[in-house]
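Hi,

Here is the structure I said I'd pass on to you. Have a look at it first, and then read on for what turned up.

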Amino acid sequence: MMPAMNIKRIMAIANKEFIQIKRDPRSLGLAIVIPIVLLLIFGYGLSLDIDKVRTVVWNQDGSSQVSRDFLLNFENSKYFKIIGYTDNYRDIVRALNNGSSMLALVIPKDFSRYLRSGSKAPLQLLVDGSDSNTATIAMGYVKTVVTQYNVNLFASTLQQQGLGPPKKADLRSRVWYNPGLNSRWFIVPGVIAMIIMIIAALLTSICVAREWERGTMEQLVSTPVKAPELIIGKFIPYFVIGLIDLAIGVIMGRFLFGVPFEGSYLLLVILSMLFLTGALSQGIMISSIARTQLLASQLAILTTFIPTMLLSGFIYPIFNMPKAVQAATYLVPARYYLVILRGLFLKGNGMDVMWDEAVFLIIFAVLMFGLAIRKFKKKVA
Amino acid sequence: MSPDTNKGIAVKVKDLEKKFGDFTAVNHINFEVKQGEIFGFLGPNGAGKSTTIRMLCGIYTPTSGSGTVAGYDIIKEQYKIKEHIGYMSQKFSLYDDLTVEENIDFYSRIYNVPKNEMAQRREETIKLAELEDFRRALTGTLSGGWKQRLALGCAIIHHPSIIFLDEPTSGVDPITRANFWSIIKQMASQGKTIFVTTHYMDEAENCNRMVMIYHGTMIAMGSPEEMKTEIMKNEILEIIVPGAEHYLDEISQLSPIKETALFGVNIHAVVYEANKASEALKDFFAKKGITGYSVNKIKASLEDVFVSLIENYDAEHKGK
């Protein structure tokens, strides 16, 4: 028979763990510095917005007003940045090769003449396709500019013939939650989820592996301390660190990156605690598999960083993934937490629309905690 | 308290077995330890000593067999056992990054020592470990002997009636070892039961009774005296002769001699019967024309007993 849990013992473990963290400034630094660095790198470095596409122009028809008017459409757009004009292909090839330009636009000698004569005026666009995603988007921008130019051209032609403006549908978009379509708003909650997952799993797995490595676990398992007491005791300090990291993330997100926070802070803390419980348990599980600190830390990073980065919807939209990979994302807890974080930050969601995700987080936490205790007990006996 | 403790039996095991997969670490062993005894559990590394001690301490569950420790069942009442015993593992596993006092207080809380007694137990332990001047030193900075005594102090902070020590003296110097054994004897004199594993045969002389274990099997049990007289079937002759190492092989070929080994500059010969062997040796040296030698019957040391028992075991299990 297993007697009930003893709070005194849990607190003894937690207290010991706090002292050890305090004595090891590196681990404490890890827990505080890593989140800040990750937020800075991802917040500033990982912009998914594509604007100021670097473009080089060769206007062979430079003497005509028409071609210069046409180019104005590019010069005045925030999506393009014309880095230079040239009069030969050599420069264009060099600019595309060395990456100083992504696009090269060549206006042929007869551009204005073609337009005047009413035939199709050819334009050449050269694209650096080595970053296919950005190239596709940049080509889309060019297409939009050219289409708009054609529409205006058509309208003025009609007007010159006294026919008045052409009929057309007029789309007026309004973007909710992130009106500026600022990708940073979208990224910061993802970075927070990633940080909590990594730090929680990493630190707990290291601290338990350390006890195995140094032989102190051997002594502990001979005392009346029970597996759940030991695990909960070890959780407490890392729980606190996890919440500190959350606070760092929210504060930096709001005040450094200007991400709004529309939801409830209470919900944020409660739901984050659920996520943390699962992540901490995962750390304990890992340390039961890997007895050395080195192996534990590698496993912790591998099993948290990569799935959270690639399969949570943090950067790559889940609906774009192949079906099998989409199925795998259901096993990544950050997937649910991310929906919650984005909902809280940007939409001000309440529990009414976040129940599904919350339930998945509860399942994740309970399952992982149970598995951690089982795995730990099995390893001891 | 249970009936067993009333009868003065601290530990009792019957047909105890532990298997790890196909490997049998402990093979059906039986023994009893009386209260207040210093009970030695002897054997070479890998013999199954630590596995046995872990089963007795409620860390491992036996594959089969039964037993009680402090009157509690080793299979069903592991948590009860843990509350009533002290266990010191091989590595004196304290937290190096905690101070002496923090380590002591940590184990006090883990063992549920009442709050109003914690200060007193802390003093007790510091006194036992002679660490009065190092209360606030980080444990990692202490030398081996201090760490060992502190580990012992932490393991018995809850005043257990049985203390299990797994290789308590491995890796410490001889003076520290002697010092440690005097602490162990003192605790036994206060009525504590001490169960100690070791592979140092000289230390085993300190035990009241002992078990010898080899390949997971019990090969002998008794007091040191019984081991050396009743259990040791052979006799030992000490041969002192200049250049002893040159005659070692030839002597071992003589028929009344079972085997020979060099002990320092002398030969220890295990023989079936001392008188016959002495005669054979006399003839041997006479043939060689050597006069400056002596042959004396000596008392077997525990080491001799153990080596002899192991050789018998190996001979019996050859080819298996």
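**Helix α1 of chain A**

In α1(A), the buried residues are Arg9(A), Ile10(A), Ala12(A), Ile13(A) and Lys16(A). Around the helix axis they cover an arc of only 160 degrees, which puts them on the same side of α1(A).

What do the buried residues of α1(A) pack against? Their partners are α9 (227-256) of chain A together with α4 (100-110) of chain B.

Before going further, do keep in mind that this is a predicted model. As a check on the geometry, α1(A) runs over residues 7-23, and at 1.5 Å a residue its 17 residues should span 24 Å; the end C-alpha atoms are 24 Å apart, which agrees.

**Where the chains meet**

On the chain B side 20 residues are in contact, and they meet 23 residues of chain A. Both α3 (78-84) and α4 of chain B supply at least two residues each to the side that touches chain A. The largest share of that side comes from α4(B), with 4 residues. Sorted by class, the side of chain B that touches chain A has 10 nonpolar, 4 polar and 6 charged residues.

**A sheet in chain B**

Chain B also has an open sheet of 4 strands, in the order β2-β1-β4-β5, with antiparallel pairing. Which strands stand at the edges? They are β2 (23-34) and β5 (72-73) of chain B; each has a single partner strand, so one side of each is left without a neighbour in the sheet. For β5(B), the pairing with β4 (residues 64-69) of chain B is antiparallel and runs over 2 bridges. If you want to find one of these on screen, look for Tyr72(B) in β5(B), the bridge partner of Val69(B).

**Domains**

Finally, the overall layout. For chain B, the assignment gives domain 1 (3-222) and domain 2 (233-299). Taken over C-alpha atoms again, 42 Å separate the centres of domain 1 and domain 2 of chain B.

Cheers

How values were computed: Residues are numbered from 1 along each chain as its sequence is written. Chains are lettered from A and ligands numbered from 1 in the order in which they are written. This is a predicted model: local features need pLDDT of at least 70, side-chain atom pairs count only at pLDDT 80 or more; totals for chains, interfaces and linings use all residues. Two strands pair if DSSP finds at least two bridges between them. The expected span of a helix is 1.5 Å times one less than its number of residues. A residue is buried if 20 or more other C-beta atoms lie within 10 Å of its own, exposed if 12 or fewer, and partly exposed in between; C-beta atoms are placed from the backbone. The arc is that of the directions from the helix axis to the C-beta atoms. Two residues are in contact if their C-beta atoms, placed from the backbone, lie within 7 Å. Domain bounds come from an automatic or database domain assignment. Ala, Val, Leu, Ile, Met, Phe, Trp, Tyr, Cys and Pro count as nonpolar, Asp, Glu, Lys and Arg as charged, and the others, Gly among them, as polar.
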